[in-house]
Amino acid sequence: MAKPRSLKSVLILCGDYMEDYEVMVPFQALQAYGVSVDTVCPGKKSGDVCRTSVHQSSGHQTYSESRGHNFTLNANFEEVDVAGYDGLLIPGGRAPEYLAMDGSVLDLVRRFSDSRKPIASICHGQLILAAAGVVSGRRCTAFSAVKPALVAAGSHWVETKGTTTKCVCDGNLVTAPTYLEHPEFIRCFVGALGGVVTGADKRILFLCGDYMEDYEVMVPFQSFQALGCLVDAVCPKKRAGESCPTAIHDFEGDQTYSEKPGHDFTLNATFEDIDASTYDALVIPGGRAPEYLALDEEVLALVKEFMDKGKPVASICHGQQILSAAGVLKGRKCTAYPAVKLNVVLAGATWLEPDPIDRCFTDGNLVTGAAWPGHPEFISQLMALLNIKVSFAS
C-alpha cells in the first residue's frame, strides 16, 4: 500500500561522529509522525555511512565517548534545495566542530535562517549556528562548553540548568543542551513546523533489561514522551533512578549483527511498584535483555495481563522471545528479528516475513517489528492503536 504524501519535509545536517541519539531519535520520531526526513553530509552521498559517537556522563569532569551505530544517509548534500524543505535539524556530537569550518554548510544554514524556516539545533550543533552568524541578538542554549562561542557570536545565553524548561525557542530557532532534552526539543520543533498532537493523554510502560538494544529503548521512549504521553520504564529488581546498560547492535557486513556498548538508560519507575491496570500500552525493546527476561515469571505475568485485557502491546526484534515464553502468540500473526522465528513459530504464531527488515505488522492489539530500522512504522502503528495523531496544516 502506498504511503500518504508527507505534508512536511525536514533536512538533517549530518557528519562523522555526530552524537548517536541526537541524529537517530529525531530522524525516526519525525518519520513516525508523518514527516519526510532527508539526511545529508558534505562530501558523502545517499547510501554512504556516517560514524556516530556515544556521549554520556560517566562520573568524570566531562563526558565519555565511544563508538555508536553507523548512520546511513538517504540524500545528497550537493543536491539540497532549501525551498524543498520546511525545516532544518542539526545534531550535536563532534561533527559540528568540523562542519562549522565548511563554507557550504554555513551557506546552507544561512539560507534556512534567511527564509525564517524552523531550525532546531542541539548540544554542540550550535557551533554551526555561531559560525554561520545567525545567532546575533537571539536567545539560545546549548551544551555548556558551547557557551563561549555563542556569546562571542552575539547570542543571549540562556542557562537552563536547574529550570523546568530545558529548550529555548526564539522565533524560528529551537535550541537544547543535550539528548536528555529530546522530548521537549522534538515537541517544540514539531510545533514550529505547524504540527498539532491529539490523543496523547496516554500512559505507556516500557519493559527494560540489561543489554537491551540502545535505539530500541530510547527512540520509542523519547518519541512518545515528545508527543506528550506519560512514559514509564521499569526493569525487574531495579528501582527508579538506577540504570540499565544497553547494547548497540549494528549491521556491518558480518553474518550476524555486531555488538558495542551503548548508552546507559536511566529507569524512571520501579517494577515492583507498578500497577499494570493504570497503563494504556506496553512496549518491549529487543537486544539481549529478552533472553533472560523471558525466564522471569513476574515479567511473563505482566505481559499476559496486557494481552488478556486486549491492551496494545508493541514488541520489536528479540522482544518477541518474551511474548513466546508468555504463551500469548498462539493463533497470532507477527514478525521478529529473523533469528527469533523459531521461538515465534513454536509458540503457535503465524510468521510474517520482515521483508524489507524495516517492515512492521499490526494484528489486533499486537504490533511487532524486526529491528530498529523499522521504528518509524513501529511507532506509528502503536500510535494508531492508541489513537494518537499528529496533524499538519496543508
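Predicted model: local features only at pLDDT ≥ 70, side-chain atom pairs only at ≥ 80, totals over all residues.
## A friendly tour of the chain

Student: How many aromatic pairs does a search of the whole structure find, and what type is the pair of Tyr 21 and Tyr 179?
Tutor: The search finds 8 aromatic pairs. The ring centres of Tyr 21 and Tyr 179 are 5.0 Å apart and their planes are at 85°, so this pair is edge-to-face.

Student: How many residues apart are Tyr 21 and Tyr 179?
Tutor: Helices (H or I, at least four residues) and strands (E, at least two) are DSSP runs, numbered from the N terminus. Tyr 21 sits in helix H1 (residues 20–32), and Tyr 179 in the loop between strand S11 (173–176) and helix H6 (182–192). The pair links distant parts of the chain, with a separation in residues of 158.

Student: Are Tyr 21 and Tyr 179 buried or exposed?
Tutor: Buried means under 20% relative accessible area, exposed over 50%, and partly exposed in between (1.4 Å probe, protein chains only). By that rule, both Tyr 21 and Tyr 179 are buried.

Student: How many residues apart are the parts that Tyr 215 and Trp 372 tie together?
Tutor: With ring centres 4.9 Å apart and planes at 85°, Tyr 215 and Trp 372 make an edge-to-face pair. Tyr 215 belongs to helix H7 (residues 214–227), and Trp 372 to the loop between strand S23 (366–369) and helix H12 (375–385), so the pair ties together parts whose separation in sequence, in residues, is 157.

Student: Where is Phe 392, and is it buried or exposed?
Tutor: Phe 392 is in strand S24 (residues 389–392). Contact means heavy atoms within 4.5 Å. Leaving out residues up to four places away in sequence, Phe 392 touches several residues, including Leu 7, Tyr 33 and Val 190. The relative accessible area of Phe 392 is 11%, so this residue counts as buried.

Student: What is the relative accessible area of Cys 123?
Tutor: Most residues other than glycine have a negative phi, and most peptide bonds are trans. Cys 123, though, has a positive phi near 60°, and its place is the loop between strand S7 (119–122) and helix H4 (126–132). Cys 123 is buried, with a relative accessible area of 6%.

Student: What is the relative accessible area of Cys 317?
Tutor: Phi of Cys 317 is also positive, near 65°. Cys 317 lies in the loop between strand S19 (313–316) and helix H10 (320–326). Cys 317 is buried, and its relative accessible area is 5%.

Conventions
Residues numbered from 1 in each chain as written. Heavy atoms only, no water. Phe/Tyr/Trp six-rings, centres within 6.5 Å; stacked < 30°, edge-to-face > 60°.
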